[in-house]
Amino acid sequence: MLNNMMRFLILIITTILFFESSQAQYNTRYFQDSIQRLSFSTEAGFMYGSSVMNNDFMNKFIYGGRIDRSKKDNAYNKLNTNNNRLGGDLTFNVNATIPVDTLFKKTNMALTVGVSHTEHIDAVFTDDLFKLAFDGNKQSAGEEAILSGTNMNYFAYQKVYVGINAITQKHGVILSEGFNVGIIKAQEHIALTIPSGSLFTEEDGKYIDLTVNYAFNQTDTSKNNLSAFNGYGISTQVYKDFALKNGDKFHFEIKDIGFIRMSKKALEYKADKTFHYDGIEVNSIFDINDSITNSISQDSLLDNIYTSKKQGSYGIALPTTVNISYTKTFNQKWKAEVGVFNRLLANYFPYIYTNTTYYFSSNFLSQLHLSYGGYGKLNIGLSTAVNIKNKVQLCVGTNNLNAYVVPKSTFANSGFIGIKALF
């Protein structure tokens, strides 16, 4: 009886964690042309991380394996009261750059068009909720487990976008600026917000009291695959480079300024009261399995712990990203970049990063990445890129190489790959 109410809480954590995801890479422009050229490119990447769970813990949970007492205790030692984070992204993008000099007589301008797929998840949770999900409520018998301040957000969408890109040169530096506007087709959205809540377990396990104020939103559950149309939205991006007289460069970018409006089939559950639970009623010992199964199913749990339910459209703001960086070129072999990357409305910790690039030749380079923040902690990455006869460009890398070397001491993982054909 003690752990039956925990199924709903485990459902929350499972929804959050059973996900391998990524963030669009913001530093894959390894080679820059001084003129606009017709090109086609595709990129894919993933990133996931947590301020609490190391990669050893996350890999066992996502891919399967035993999470033993030592792994749990190690995660518990990283918990704080109410600001434990996790999140990630999965992205895929196909893009075309089309010079428009024949149309507008502007040799430095190009039309950009593309399609992309994005999945994103982020969450902040209390230490008590995390312990409840992985060790049940027996440990908190006679005490209140605090749930206040927990929230999570998951969405998947596809986007078609169009924009303008311009290339100029100043002080010997190649500069890029532009914007794009995208139309979004929402595939799925799930969100949970708990402004206040607690779970009290009677010392001898005789009853459980759940006092909670929460809102749970979800798009149409009957169709959430790639072809699902559960809403629409708009997304915009603006970026610009600034050159300094010494040949250094500033880069400024704002991405995903926009919103998604969910369809009228979306559901919203709300509650603001105390729910009392003192066991499962078994009608017959001959159907005991069915009785228990029906009592703890996801739908029945939701039916038992909400005070209002409605169907209808609602809107969400996209997690807007801001990226500011400074690049210094030392010589033809060495270049360094330092920057700050942040995501608003995404339970994100500001991401401070540096990239040091070494050119083995003008067409082959490697880049060392160091950073701190985001959904993880310290990150060490490595990537490489090659320009083949100025016709094909390839890049591959990770911002979390240490995740594969010391998984017990790292808290994020990522990888990306890209290919670009020029004509």
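Helices, here runs of at least four residues, and strands, runs of at least two, are assigned by DSSP and numbered from the N terminus. In this predicted model, the protein chain has eight helices and 19 strands.

## The chain as a whole

The protein chain has 423 residues, and 50% of them count as buried. When contacts between residues at least 6 apart in sequence are considered, 70% of them join residues that are at least 24 apart. The chain exposes about 20,300 Å², and carbon and sulfur atoms supply 58% of that area.

## Two helices side by side

Helix H3 covers residues 69-76 and helix H5 covers residues 127-135; their axes come within 11 Å and cross at roughly 170°. An angle over 145 degrees counts as roughly antiparallel, and therefore H3 and H5 are described as roughly antiparallel to each other. The residues that meet are Arg69, Lys72, Ala75 and Tyr76 from H3, and Phe130, Lys131, Phe134 and Asp135 from H5.

After H5 comes glycine 136, whose phi is positive, near 75°.

Lysine 71 is located in helix H3. Is this lysine 71 buried or exposed? With a relative accessibility of 16%, lysine 71 counts as buried, because the cut-off for that word is under 20%. Leaving aside neighbours within four places in sequence, lysine 71 is in contact with Asp56, Phe57, Lys60 and Arg66.

## Aromatic rings

How many aromatic pairs does a search of the whole structure find? The search finds 20 aromatic pairs, and two of them are set out in the table below, each with the distance of the ring centres and the angle of the planes.

| Pair | Centre to centre | Angle between planes | Arrangement |
|---|---|---|---|
| Phenylalanine 341 and tyrosine 348 | 6.1 Å | 75° | edge-to-face |
| Tyrosine 358 and phenylalanine 360 | 4.9 Å | 85° | edge-to-face |

Planes over 60 degrees apart count as edge-to-face, so the angle of 75° places phenylalanine 341 and tyrosine 348 in that class. Phenylalanine 341 and tyrosine 348 are both buried. In the other pair of the table, tyrosine 358 is partly exposed, with a relative accessible area of 26%, and phenylalanine 360 is partly exposed too, at 44% relative accessibility.

One aromatic cluster is formed by Phe57, Phe61, Tyr76, Phe125, Phe130 and Phe134.

Elsewhere, lysine 240 lies over the face of phenylalanine 242, 5.3 Å from the ring centre.

## Residues with a positive phi

Most residues other than glycine have a negative phi. Aspartate 256 is not a glycine, yet it has a positive phi of about 65°. This aspartate 256 is found in strand E9, which covers residues 249-262, and it is buried, with a relative accessible area of 11%.

Asparagine 390 is likewise not a glycine and has a positive phi, of about 55°. Where is asparagine 390 found? Asparagine 390 belongs to the loop between strand E17 (378-388) and strand E18 (392-398), and at 35% relative accessibility it counts as partly exposed.

## A lysine in a strand

Lysine 270 is part of strand E10, residues 267-277, and with 38% relative accessibility it counts as partly exposed. Not counting residues up to four places away in sequence, lysine 270 touches Tyr214, Ala215, Tyr306, Thr307 and Ser308. The C-alpha atoms of lysine 270 and tyrosine 214 are separated by 5.7 Å, although the two residues are 56 residues apart along the chain.

Methods:
Residues numbered from 1 in each chain as written. Predicted model: local features only at pLDDT ≥ 70, side-chain atom pairs only at ≥ 80, totals over all residues. Heavy atoms only, no water. Buried < 20%, exposed > 50% of the residue type's maximum accessible area, 1.4 Å probe, protein only. Contact = heavy atoms within 4.5 Å. Areas by Shrake-Rupley, 256 points an atom, 1.4 Å probe, with all protein chains shown as cover. Phe/Tyr/Trp six-rings, centres within 6.5 Å; stacked < 30°, edge-to-face > 60°. Lys NZ or Arg CZ within 6 Å of the ring centre and 35° of its normal. Axes fitted to C-alpha atoms, helices over the stretch in contact; angles between N-to-C directions. Parallel < 35°, antiparallel > 145°, perpendicular 65-115°, else oblique.
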